[in-house]
Structure formats: C-alpha cells, structure tokens
Amino acid sequence: MVLNLLVTFTLFYAFIYMVNAVYGTFIPVYFNDIGLSKSQIGVLLSLGPLVAILAQPVWGAVGDRAPTKNRVLQTLIVGTGISALFFPISDRFGYLLLVICIFTFFQTSIFAISDAIALEEVEKRRTWSFGMIRMGGTIGFAVMSLVFGIVAKTHLGLMFWVLALVMAVSFALMLRFPKIAGYQSVGPKMQVWVLFKHKQLMLYMSISFGLQVTLGFFYSFFPVYFKELGADSVLLGWSMVISSLSEIPFLLYSKKLFERVPIRTIFLVAGAATFFRWLLYYFVHDPLVVLPVQLLHGLILIVITVTMATYISKEVPKELRASGQTLNGLLNLGVARIIGSFLGGVASDWVGMRTVFLYNSFIALACVVVFAIVSRGMERSAAADRTV
C-alpha cells in the first residue's frame, strides 16, 4: 500500500508538470504563430502571473482553512483543464487576455497546494523523499517535451486538448491521496502576515525572487528566441528534455544535500549557475550549442523551488504551510514572472532578445553578490547574539 501510494504521488507529479512542458514551452510559440507582437506576447505572459498575485493568497488561505486541502486541489485541476479548452476559440488579443487570466487563476496554485500535500505526507513516512516524488515531475516534463515537440511541428493547436487530458488524469490520480486537513479549519486563525517576520525565510525568498525575474523572461521568450536561431519544434522539445533531465542528480541527492550543505551555499550555487547560463545565451549563436548550455538548468530552477518548498515545510508553522507555499508561488511565479515577462518583452522590442539575456546575467550576478553580503551579515549577527 505504501509503495502504491508513493507511485501514485510520483505519477501525479509527472502529469501536473506535463502542463508546464506543453503550456510553458509552446504557448509563446502559439502566440507568435497567430501573429502577435513580442510586446503583446510579453503582456499576455505577464498578465497571467499578475492574476496569480491575486489567486495565490486566496488559494493558500482556502487551503489552510478548508476541511481538506485535497478538495481545493481538485478545484484547481478541474478549473485548469476546462479553461484550457477556451484558448483556440479566438485569436483576438482581448479575448486571449481574458482566457489567460481565467486559466492562470486556477493553474498557478496547483504546484504550491500539491507541494503542501506531498510534503506533509513525506513527514509521516521517513523512508520517503520529496526529491524522489518531485523527480516524477522532471521525467513527466521531459517525456512530454519530446513527444509534444514532435506533435507541435504540424499540430500545435492540439496543445489545449492535451492540457485538458493531462488534467483529467491528474484528477483521477489525486483521488487516491490520503486526506490532508487544513490546520486552521477549526480553532484560532493565524494570519499570513506572520510569515513576513521570519527573517531567514524572507532572505531566501528575496534571492529566489531576483533569480525568478530572469527566469520569467526565459520561459516567456526562450522558445521564440531558440526558433529564431534556427531551431524547429523538435529541437525545442529536445532542449527542454535536456534541461529537465539535468534536474535528476539534484533530486536524487537533495535529501542528503539538505542535511550536509547550508542553504546559503545552495542558493549561491544556483545564482552563479543562473549568471553563467544567461551569459552563454548571449554569446552562443548556434542552436545546437545551446543544447549543452541547457544542462545548467539542473542547478537553477529545481534547486530554487525544491529548496524553498522544503524549507517552508520544515520551518513555517503548520497552520500556515499552504499559505507559505502559495506566498512563495505568489512572489516567484507571480510578481517575479510579471517583471521578467513584461519588461523583458518591451526590452526585446527595443534591443533584441539576445541583449536582454546579457542584462539578465547582470541581474543574476547582482543577486548573488547582495545575497552573499546580507546572509553573511545575518550569520555574524546571530553568532554574536549566541555569545552574549
């Protein structure tokens, strides 16, 4: 039974991350193919995260106060699957603005609520590792990137039916999850503002935020940029497969890594990898040379997201764990992605996408330097307090 449940969680993560492989990778290509400008694409892909700013705290509070977090996750999955089918009805910019708002209202909180549920189950079972479960998402993303990369070459419009089907399978899998209660469903309520008093949490969210700004531009415009270099949809799919599989080493050893390596060091490595990745994108002109650069992905997004999710699960009061996960999602999948997508789109029209990648490398470098100085100062202050 335990093995079956672990497999169920892993398969569930495989399917929900297939959404990112299809939507996150190919929606910019779809918008580009129907004739939208870079600025319009930037607006569309930044408006979604803007809605997430409103949605994340709502779903987080609902998750903490609901009788079960499972019911909240079911609502998010159903809403995502149904709203995806409205995209191909019209290619008018105003219509797409509305649909992407509805879609994002449901879709962006799926990962935060899923993490809250999975991490609570991991706590109960010491033989489980969240990294192993999350690896299901990595494999699902890689498989779907490759498969849909082939399909998209001739049938890009099928992406919305694929999204709906993936959500239907995800819903069926999560019906087997154990019930995870919202800890504020009864008794006194704890306000989400308590999280902002947690200095260490705010520090980690800050560097995550800065790096996610640059990732916001990457996810919105890399598919278009890569195709402008001469790549087709199949090669784009392979690029995403490489970046996805590069996450596996971290996921395999994340549990041991968290026990032996300070979180400060983990974030510094992720920041340095981000700097080098964007700098290489600026210098590389051959799409085939971009493929090995994608291996740096395994030191960036997965490291940031799993480290933050694990830290929140361990350090945040249990009454606010869902809110903590959604606050992290709000800042890093909402505000940061808005800045990266919208301003990146405008800047791309002015100076070109290649130059924006260079600017992003400078942003990543600044994040590393500031984080190193501030975190070191906090460590010295804490050490001084202990000696008093």
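This is a predicted model: local features need pLDDT of at least 70, side-chain atom pairs count only at pLDDT 80 or more; totals for chains, interfaces and linings use all residues.
Are E120 and K69 buried or exposed? E120 is buried, and K69 is buried as well.

**Salt bridges**

The count of salt bridges comes to 3. One of them joins the side chains of E120 and K69, with 3.1 Å from N to O. E120 belongs to helix α5 and K69 to helix α3, which covers residues 69-84, so this contact ties together parts that are 51 residues apart in sequence.

A salt bridge also links the side chains of K124 and E121. Both residues are in helix α5, and because they are 3 residues apart there, about one helical turn separates them. Their surroundings can be stated from the accessible areas. K124 has a relative accessible area of 54% and is therefore exposed, the cut-off being over 50%. E121 has a relative accessibility of 2%, so E121 counts as buried, the cut-off being under 20%.

D232 forms a salt bridge with K153. D232 is in the loop between α8 and α9, while K153 is in helix α6, so the pair ties together parts that are 79 residues apart in sequence. With a relative accessibility of 30%, D232 counts as partly exposed.

| Salt bridge | N to O distance |
|---|---|
| E120 and K69 | 3.1 Å |
| K124 and E121 | 3.7 Å |
| D232 and K153 | 3.3 Å |

In general, side chains of opposite charge can pair when their charged atoms come close.

**The largest cavity**

Empty space left between atoms shows up when a probe the size of a water molecule is rolled over them. How many cavities of 30 Å³ or more are there? The count comes to 1 cavity. The largest cavity holds about 910 Å³ of space. Its lining is made by 47 residues, and N20, F111, Y219, L333 and R337 lie nearest its centre. Helix α1, residues 2-33, gives the largest share of this lining, 8 residues. Sorted by class, the lining of the largest cavity has 21 nonpolar, 22 polar and 4 charged residues.

**The largest pocket**

The largest pocket has a volume of about 410 Å³. Which elements give two or more residues to its lining? They are α5 (110-124), α6 (130-155), α10 (248-260) and α13 (301-315). In total, 17 residues line the largest pocket, and those nearest its centre are V122, W128, K255, T310 and K314. By class, the lining of this pocket consists of 6 nonpolar, 5 polar and 6 charged residues.

**A nonpolar surface patch**

L365, V369, V370, I373 and V374 make a nonpolar surface patch of about 420 Å². One of these residues, V369, is found in helix α15, which covers residues 353-387. V369 has a relative accessible area of 43% and is partly exposed. Patch residues need over 30% relative accessible area, so V369 at 43% passes that cut-off.

Where does S220 lie? S220 is in helix α8, residues 199-228, and counts as buried at 5% relative accessibility. From S220 to I41 there are 179 residues in sequence, but the C-alpha atoms are 7.9 Å apart in space.

S239 is in helix α9 and is buried, with a relative accessible area of 0%. S239 and A55 are 184 residues apart in sequence, and their C-alpha atoms are 31 Å apart.

L11 is part of helix α1, the helix that gives the largest share of the lining of the largest cavity. L11 itself is partly exposed, at a relative accessible area of 39%. L11 and S381 are separated by 370 residues in sequence and by 44 Å in space, C-alpha to C-alpha.

Terms used: Residues are numbered from 1 along each chain as its sequence is written. Side-chain values use heavy atoms; hydrogens and water are left out. On a 1 Å grid over the protein atoms alone, a cavity is a set of points where a 1.4 Å probe fits but cannot get out, and a pocket is an open set with protein on both sides within 12 Å along at least five of seven lines; lining residues have an atom within 4 Å of a point. Grid points are joined across faces, edges and corners, and a volume is the space filled by probe spheres set on the points. Helices (H or I, at least four residues) and strands (E, at least two) are DSSP runs, numbered from the N terminus. Ala, Val, Leu, Ile, Met, Phe, Trp, Tyr, Cys and Pro count as nonpolar, Asp, Glu, Lys and Arg as charged, and the others, Gly among them, as polar. Patches are made of residues with over 30% relative accessible area and no salt bridge: like charges are joined within 9 Å, nonpolar side chains (Val, Leu, Ile, Met, Phe, Trp, Tyr) within 5 Å. Accessible areas come from the Shrake-Rupley method with a 1.4 Å probe; for residues, only the protein chains shown count as cover. A salt bridge is a side-chain nitrogen of Lys or Arg within 4 Å of a carboxyl oxygen of Asp or Glu. Buried means under 20% relative accessible area, exposed over 50%, partly exposed in between (1.4 Å probe, protein chains only).
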